[in-house]
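Trainee: Good morning. Could you please take me through this structure step by step?

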Amino acid sequence: MAQSSQATEGLGSIPALLQRNAGQFAERPAYREKEFGIWQCWTWAEAEKEIEALALGLLNLGVNEGDFIAVIGRNRPHFYWSMVAAQSVGAIPVPLYQDAAADEMAYVLEHCGARFAVVEDQEQVDKVIDVQDQLHQFEHMIYVDPRGLRKYDHHKLHTFTGVQDQGRAAYWEFIEDLKARREKLDYDSICVMLYTSGTTGKPKGVVLSNRNIIEASRSSSEFDNLSRDEEVLAYLPMAWVGDFIFSIGQAYWCGFCVNCPESVETMQIDLREIGPTYYFAPPRVFETQLTNVMIRMEDAGRFKKWLFDSFMAHARKVGPAILDGKQVGAWDRVKYALGNLLIYGPLKDTLGFGRVRVGYTAGEAIGPEIFEFYRSLGINLKQLYGQTEASVFITLQPDGEVRNDTVGVAAPGVEIRIDESGEVFYRGAGTFEYYYKNPESTKSTKDSEGWVATGDAGFFEEGSGHLRIIDRAKDVGKMADGKLFAPKYVENKLKFYPNILEAVVFGNQRDACTAFINIDLNAVGNWAERNNIGYASYQELAGHPKVLEMIQSHVEEVNRSLADDPMLSHCQVYRFLVLHKELDADDGEMTRTRKVRRGVIAEKFEDLVGALYDGSTEIYTTTEVTYEDGRKGAISATLEIRNAKVVPVEGEKKVAAE
Amino acid sequence: MKDMDADSYTTEDGRRIGGVVMEMRNITLRFGGVVAIKDISFDIREGEIRAIIGPNGAGKSSMLNVISGFYNPQEGEVYYKGERRPPMKPYQVAQQGIARTFQNIALFEGMTVLDNVMTGRIRQMSSGLLAQAIWKGKAEREEVANREQVEKIIDFLEIQHIRKTPVGRLPYGLKKRVELARALAAEPSILLLDEPMAGMNVEEKEDMSRFILDVNDEFGSTIALIEHDMGVVMDLSDRVVVMDYGKKIGDGTPDEVRNNQAVIDAYLGVAHD
């Protein structure tokens, strides 16, 4: 796309981009959603009409400029329209995580003082009604799915289509007001407010202006040559900045189509049907998919397994080089082409990656093996490094310069510097305005020159000039003897094993490292089935001696590989235990984006950490758990603590010798 | 029972319950010398959730089989929509608009969920075998229209993700839901559910209860269900018939039934003379 970035062209807001698209791309698809088994489509012209009707309806309900409108639901066109309609009337959309518990929602709704909410269904309506009494300013709720809601008190409750109908009916009454409000929007007006999940403390409301969103979308679209022909599948939480950039920012800038899955469970099927050309997923999604492929290959016949293994070995050897356009021998190319016909092509198609031109992963480090697997299949999977506060993009990997241990070069228009302590700072057009109602945090994060602290420690690699992130700056610590402690590095090594879903490594200020391990129910369950191991619950499987043995062998392998790294050989895991429950966002142990909250875990499982260090071989513990509907319960278990073999001191000598 | 709208009323939660659609009068069913049902009478009103409960062997399933036409009682009459129903074959009963699910799941295991639910539309298809095979004109239009209806039910029962999965690969709880979907696809005027929660865990039971209430609310279906889990029944139903040893020992709202001495005895156990 060759549009210039000037806001003066009248493209200073998302609603302005919508007007342009409705004119230029009128008949091209803007949204698709699978419903009743069929992909329903809205063109840009139709989407504009839907959004206008909703915006008029919002005016009819009395939305003022500067009001906050909460949006709670899974990825559906209606919610994207709601956000743009809110912007059109001068209000600020605030998307929330739809799986958040009622009191988490109460905090955000209270903090931003939302007067209106657009929600999905009875479940969300019930949650908001539950907390309504705590919210003095809250007035109206609009819902999309009427099922089960017919008998509710409809004084303050409205159907989505009803609001649109009222808007259409009152067209002449409000259209002038709508136009006037829309025209007032410019680069400086607020585009959206997103709450960061935060691995510590309460969520913060990140205020992003139109400049932030549009500039970040423009430059990143140009970086990857995104065009109006892209297809994306919107399935990541709408409250997450990435979805806002991909499904609204870039989609509106380029004019491409956003596809919404039928339900959360059908995502994999829908992915395959749509075959996106531009795809984003956090490492966990890629991990899960790879695990599933491997599980199914374990069940395959011997010939198929051999075919898969031998061609995958070949793909690992030459696939990434072919993808990067490097020199590869003719015979290897022929073999790769054959593999593509037999294995890679069908596999990519099954995974829904048959057409992916640009794929990104970010949020956490991705295991090298996982990364290589997808790239060797010929999927252009790259990494980016970003934050809500940066409107996603801080660094990106250019095509042909992709590696698993770096996160690429500074995104266009972004400056990066690294301070003495190793912390990464950035500033650019996408840099957020401020934290809502939180000037102290704003000040401590963003300095007067616009530099923002990422909280991550990293360095630029000599030669390539790519940024390498080591760990969260606050997670990197020192062992008791003063050596570097980088928990995430070790955890990522552990998590590479399909059987290990999550790991938490302890060792800061201690003389040795220990770990909590979460098994992957899918992978371990399948393994148990094949080995005739019976189990009735997650807890029972997690505590099975054979499972512990298997995990122990993984830990020991990791120790061996750590021993080869002179910088981190002392981070070998001496003792570990397998947790009796899965770490869960509902229990506050992880963020909604599934990052481990170390502080919370260390505190909550204090007894277990203690046991890891006091030499005991088992411990009885009781843990409070929160069910999906917010009720609480407790589970208790006796956990076995195991010692893992560590590779002795050789590393020490190496360090000493150097 | 000719005056169907005579005493219709509205429940506390705003559902309209109509007049009697089905009435059992003095039904007695024997298998040789064994009396399975002895002189039982009760009625089912339009739009209500009517439960038949009782301990094991009380004759609940036999009663359901009488309603569905699988058994013909030796004595007594069945009145449906105000008219006496002559002895019938189950398929004739189905044609009258009565659909059912089974306690021990009777789906086509090798077929997909979608195909299974489509079989529920058999009554709505009139084109012949040859026309179906050629699949042009009416046969095609018919299938499209039926598929649309089926998709609405799939959406309603939230089984989109297994639409193309063979039923044999599904876990028990989901199979139960597919059976409900197939019964719903027939757009029945009375829906018979034979132990819809049998063998389910608490969470699955809650889900199933939700679906039953939603079906009743959304489609206005009259539902008659058999269940021996008292807790579930009391929360779901408008009226309950309690059976024990083939006899009716209670009939009324859940509260009335709960306080009925005969029912308490049957469930808590009392010495039989």
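Predicted model: local features only at pLDDT ≥ 70, side-chain atom pairs only at ≥ 80, totals over all residues.

Trainee: Into which domains is chain B divided?

Mentor: Chain B has domain 1 (1-88 + 190-273) and domain 2 (98-187), with bounds from an automatic or database domain assignment. Their centres, taken over C-alpha atoms, are 26 Å apart.

Trainee: How many residues of chain B are in contact with chain A?

Mentor: 12 residues of chain B are in contact with 11 residues of chain A; contact requires C-beta atoms, placed from the backbone, to lie within 7 Å. On the chain B side, α5 contributes the largest share, four residues. Helices (H or I, at least four residues) and strands (E, at least two) are DSSP runs, numbered from the N terminus.

Trainee: Now, where is A:Lys156 found?

Mentor: A:Lys156 lies in the loop between β6 (140-143) and β7 (157-159) of chain A.

Trainee: Why does A:Lys156 count as partly exposed?

Mentor: A:Lys156 counts as partly exposed because it has 15 C-beta neighbours inside 10 Å. A residue is buried with 20 or more other C-beta atoms within 10 Å of its own, exposed with 12 or fewer, and partly exposed in between, with C-beta atoms placed from the backbone.

Conventions
Residues numbered from 1 in each chain as written. Chains lettered and ligands numbered in written order. Contact = placed C-beta atoms within 7 Å.
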